[in-house]
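Student: I'm new to this one. Could you take me through a close look at a single part, and then show me what else is around?

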Amino acid sequence: MSAACVSKPVPAAADAQTPALWGDLKPVVTVKQLMNDLIDPASDFIFNAVGTVISDKGITETEPKTDEDWAKVRIGAVTMAEGIYLLKIPRPIAPSGDVNNSVGPDASELTPDQIKAKIEADTVLWNAKIEALRNVNLEVLEIVKRKDAKELWEAGEILDQAWEGCHLEYGYRAEKDLMKRLDRRLKDK
């Protein structure tokens, strides 16, 4: 048997925090790729589970009704709760050469270097944003157990706020500037 296949005994006190047990985590993708390929698609299972569409044909309400519907919501919440924590592993912000939509005088997004600098300048805020997103998804898991569509609707709104709060902080320069201007206008009235 090769040395790579021989298992070593795990100390009795080993837990999830023991580096010897779990090793060093090394990212496979960038933050942008993680968001695009794992976290964002998983969010659709939650965001698309409840909703109201008003059209010329009337009002259509969407909510999970079957065990299969609720299972999809659970998949979304588990994937997001675990996937969000992968953002705590240091990794590049975007693939090499990718500058987001950050070119030009009216660029709508921060550059990957600007995002990285913001994270490094305030890791407490970065981790708080991650925890906020994770906590909403943990609540969604509890809602799935109760199969309560009304609570899922409310949690979806909270998830959207946490999601947008993160993007406003670390991505969308134009939207953050717009929000500041709107906030000032409201205070002036």
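Tutor: Let's start with strand β1 (residues 51–55) and strand β2 (residues 58–62), which pair in the antiparallel sense over 5 bridges; two strands count as paired if DSSP finds at least two bridges between them. Strands here are DSSP runs of E with at least two residues, helices are runs of H or I with at least four, and both are numbered from the N terminus. A hairpin takes β1 into β2 through 2 residues, and I54 has I59 in β2 as its bridge partner.

Bear in mind that this is a predicted model, where local features need pLDDT of at least 70 and side-chain atom pairs count only at pLDDT 80 or more, while totals for chains, interfaces and linings use all residues. Residues are numbered from 1 along each chain as its sequence is written, and side-chain values use heavy atoms, leaving out hydrogens and water.

Now for the helices: the axes of α3 (residues 67–85) and α5 (residues 123–146) come within 8 Å and cross at roughly 155°, with axes being lines fitted to C-alpha atoms over the stretch in contact and angles running from 0 to 180 degrees between N-to-C directions. That makes α3 roughly antiparallel to α5 (angles over 145 degrees). Contact (heavy atoms within 4.5 Å) involves residues including W70 and M80 of α3, and L133 and L141 of α5.

Finally, look at T30, in the loop between α1 (19–22) and α2 (31–47). T30 is buried, at 7% relative accessible area (buried means under 20%, with a 1.4 Å probe and protein chains only). Leaving aside residues up to four places away in sequence, T30 touches R91, P92, I93, A94 and P95.

Key. Angles under 35 degrees count as roughly parallel, over 145 as roughly antiparallel, 65 to 115 as roughly perpendicular and the rest as oblique. Buried means under 20% relative accessible area, exposed over 50%, partly exposed in between (1.4 Å probe, protein chains only).
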